Amino acid sequence: MSHRGRHLAAALTAIVFGLLAACGAPAQPEANGREPVVVTFSVLGDLVRNVGGDYVTVTVLAGGGVDSHTFSPSAADGAALAGAHLVFENGLGFEPWLDDLYRASGSHAALTVVTEGLPLITANWPTARGAGGDQSGLQSYDPHVWHSAANAITMTQKIRDALVLADPANAAAYAANAEAYSARLQALDDWIMAQASALPAERRKLVTTHDTLAYFAQRYGFEVVGTVLPATTEGASPSAQDFAALVEAVRAAGVPAVFAENASGDRLLNQIAAEAGVEVVATLCTDALGLPGSGAETYIDMMRSNLTTITTALGDESR
Ligand SMILES: [Zn+2]
């Protein structure tokens, strides 16, 4: 190639790359060949890691101990979205910050809403967004589906399907991982069921900071007596009337203990417990995995830890 020809080639290359950049170049696989995947919160991140195994690099936005309802994404989170092939979200209003972040990042990643197709519970969703706020249909379902291990199995299948679609070369590995993990989730579900039914039915009563355990209660035979906040922690605060009604409900139900959560403040719960004369038990990991050392760093460990905390507190005959 002549000197002039090389210049022309370089100029064309620059133009082509310029056009690609202008149109938003598709994200490339990482140098190690793994699929770049972004997951909105820690619990779902663990499910995706279990299915994706060595073929994905998972970036979790709202990490362990972080409340997704009130999460504030950073510029690094936007950059992670821009570089992702796949994004997994819970949906149902659990990530109120995601749509804006996705748009702003210029991401072309395929979005998978893992709760699609699950049997949903209508939410005790608040007026937290205020009059004239977003009261759309999406906000009327409870997003906390993962507290049923049966739902986690369905979510695992959705994760597998999305990974297979994006990366068919590794389909067999994703299928094998999903099958092995689903078997562990089934064992978890059976174990929780057995432990819960060993607790007398009249003791299976839950009070938590926010309304996060409806799917758990429905699946494992508990009653949610009341919660300080509705199905989000976002800007919500109970009225004096609601507060008094909850104190009365706690007294009337005769629950020995109420449960603090890892990603929600416990000031109001402590007040309720003090007024009702019951104990506050720490800590359930509800909307986020536990921090390192908590014993709840994975989904399965989180569920086991929660169940043990609940049955120990409610099963204690001395309370
Ligand atoms: Zn929540």
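**A helix and the strands around it**

Author: Start with the buried residues of α2: Ser 42, Val 43, Leu 44, Gly 45, Asp 46, Leu 47, Val 48, Arg 49, Asn 50, Val 51 and Gly 52. Buried means that 20 or more other C-beta atoms lie within 10 Å of a residue's own; 12 or fewer is exposed, in between is partly exposed, and C-beta atoms are placed from the backbone. Helices (H or I, at least four residues) and strands (E, at least two) are DSSP runs, numbered from the N terminus. Residues are numbered from 1 along each chain as its sequence is written. This is a predicted model: local features need pLDDT of at least 70, side-chain atom pairs count only at pLDDT 80 or more, and totals for chains, interfaces and linings use all residues.

Reader: How many residues of α2 are buried?

Author: Helix α2 covers residues 42-52. The helix is mostly covered. Its buried count is eleven of eleven.

Reader: Which elements do the buried residues of α2 pack against?

Author: Contact here means C-beta atoms, placed from the backbone, within 7 Å. Strands and helices both take part: β1 (35-41), β2 (56-62), β3 (86-89), α5 (149-166), α6 (171-197) and α10 (299-315).

Reader: Why is β1 largely enclosed by the rest of the structure?

Author: Look at its burial. β1 has seven residues, and it is largely enclosed because the number buried is six.

Reader: In which sense do β1 and β2 pair?

Author: Two strands pair if DSSP finds at least two bridges between them. β1 and β2 have six bridges. The sense is parallel.

Reader: What is the handedness of the crossover from β1 through α2 to β2?

Author: Point the strands away from you; if the path from the first strand over the helix to the second runs clockwise, the crossover is right-handed. The chain here makes a β-α-β crossover. Its hand is right-handed.

Reader: Which residue of β3 is the bridge partner of Val 37?

Author: β1 also pairs with β3, in the parallel sense, over three bridges. In β3, the partner of Val 37 is Leu 86.

Reader: Why does Thr 283 count as partly exposed?

Author: Thr 283 is in strand β8, residues 279-284. It touches Ala 260, Glu 261 and Asn 262, leaving out residues up to four places away in sequence. Thr 283 counts as partly exposed because its C-beta neighbours inside 10 Å number 19.

Conventions: Two residues are in contact if their C-beta atoms, placed from the backbone, lie within 7 Å.
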